[in-house]
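Take a look at the model below.

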Amino acid sequence: MHQTAPASEVELLYRQRLADRRTVLAARQHAHLQLSRARLALVALFFAIPLVVGFAQAAWSAVPAALFGIVAIVHARRLDDRRKAASAVAFYERGLARLSHGWIGQGDQGQRFASDAHSYAGDLDVFGRGGLFELVATARTEAGQQTLARWLLEPAAPDLVTARQAAVRELAPRVDLRERMAVLGDELRVGVDADGLRAWAVSPVRMPGGWIRVALLAVPLVWIGHVTWMLTTWSMTLADLRAIIAILALQAGVAWAFRSRVVPVIHAVDEPTRDLSLLGEVLAVLEREEFDSAELIQLQRALLEPRRASAEVARLETLSALLASRRNLFFTLAAALLLWATQLAGAIEAWRRRAGTHVSDWLDAVGELEALLSLAAFAYEHPDYTFPEFQAEATGIRAQALAHPLLDREAVPNDLELGGSGPALFIVSGSNMSGKSTWLRAIGVNVVLAQAGAPVRAAAMALGPLHVGAAMRVADSLVDGRSHFMAEITRLKQIVDLARAHGGRVLFLLDEVLAGTNSHDRRHGAEGLLSGLVGLGAIGLVTTHDLALGELATTLAPVAENVHFEDAFDGAQLAFDYHLRPGVVRTSNAIALMRSIGLDV
């Protein structure tokens, strides 16, 4: 079990830091108001001076005008400080909401990553309100959220899971790093078009390199050198003048020849430069961190080699700023004589030729680091969770005190031994609301967390690599002309195909299997389906209200066992203890429930 601060200490730290950040925010809000008033006062003074001292002395208005410019610069910086302080406050408010189970409906639900065709995402509440992604995803950039969503949808190999676990353990106590990344990420989240940035970075280079670029650089140097020589020798002949004019004409021709290439470069660079400027702050933070785990060192290396990503971004910012300087009224003529736009377009394209292929790597590294930071926050805020042990050759799951991570602290844990030396199949019976479906989801969600590299809600857990297939929330479709039964058997076919494709390394979770058909077909269909899955090497659980399906445990013995949940009904109220017991359930509450709400049955 990983060791971090107890939950009470985590909450205490968050509350203390939240109070500190709110104090800072209040101070920066006060500074903003004071500077706003100062700007208004300077504007008023600018117009008042001519009226008071006369228009002949109106030049004095230049003083408040100059002061206004200085105050405006300071005010812009203070506004940025206030934004960052507000982001820090929101960071700790979100953390406290997660600790108090008040996070549902407050975060990113990740529904854009959901797919009805996925083998378990909809059944296990990976996305949506109150889903796993909303709880775990503290990543603020789209790259981080995309990476985390992919990890929750695709099981990683055991060696990769182990590497992620080491990284998460290292990152778990680094609250300061997560705060800095959240503060910077709030701006990145709305400011960076990651897909557009990737496309720009690797689009075909428009400007030539090599000797042609050297020649372009040499053209203005020729006439500058010639003019310099004339000034130093105090001689100018008609031939010299003609030579300068010829060189300038050649230069104009060169500028015109490259215009069709230069203009697209100039128009395309502003947005990527702005995006990379925002990303540069994040890159610099991650470059300065010291890491020990192999996974983090490898990710950081992508930002440091072959050159520091933040330094490359700074160079592009410089080139973009120099390019923009051509618009300065006092520099326009000189820029034209120096082929300024052509030269800078060539330098920008040379930057893309050298560093453009690494932009995608930078975004990927930031995305993976943010995903790891999300898992680290989850681990830090749940110190009673444990990192599971992965055994590459294992074919089952063993867990002690396993409970559903999306439920509050009152969730009842149960033990599990599925596959390996235990049964490959559990048939779970029980009355309505007794906990059957929740138990299947608890197992599935914890396996998803485990294979993403996160800790799980259990006292101990060991498992082998598994692909999860679930049929718990299938639905009919009027648009597709598909009945509920057809939707279910289509999903079951998907699970069987999954088991065949992965050598039986599948965990299947089936809720009320084949409920859409008669009891005879259901009994025989379930037997064929489950015996086929177990025969392929798959392990899983199936819930049922139909006690006849409990007989399958005898038919499929010794690989199958019956377990159940019980309830007690005193005529007015149902009571559930949610403890899993061996055997088939012997009670039913359906009639009692119907009578309790006034139905005459």
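Is L67 buried, partly exposed or exposed, and what is its relative accessible area? L67 is partly exposed, at 40% relative accessible area. Buried means under 20%, exposed over 50%, and partly exposed in between (1.4 Å probe, protein chains only).

This is a predicted model: local features need pLDDT of at least 70, side-chain atom pairs count only at pLDDT 80 or more, and totals for chains, interfaces and linings use all residues. Residues are numbered from 1 along each chain as its sequence is written, and side-chain values use heavy atoms, leaving out hydrogens and water.

**Interior**

The largest nonpolar core has 147 residues. Such a core is a set of buried Ala, Val, Leu, Ile, Met, Phe, Trp, Tyr and Cys residues joined through side-chain atoms within 4.5 Å. W362, I397, L507 and L510 have the most contacts inside this core. Helix α13 gives the most to the core, with 21 residues. L510 also has partners beyond four places in sequence, including L440, A471 and L541. Contact here means heavy atoms within 4.5 Å.

**Strand β9**

β9 covers residues 560-565, and five of its six residues are buried, so the rest of the structure largely encloses it. Helices (H or I, at least four residues) and strands (E, at least two) are DSSP runs, numbered from the N terminus. Two strands pair if DSSP finds at least two bridges between them.

| Strand paired with β9 | Sense | Bridges |
|---|---|---|
| β4 (residues 425-430) | parallel | six |
| β12 (residues 581-582) | antiparallel | two |

V563 of β9 is the bridge partner of V428. In β12, V563 has P582 as its bridge partner.
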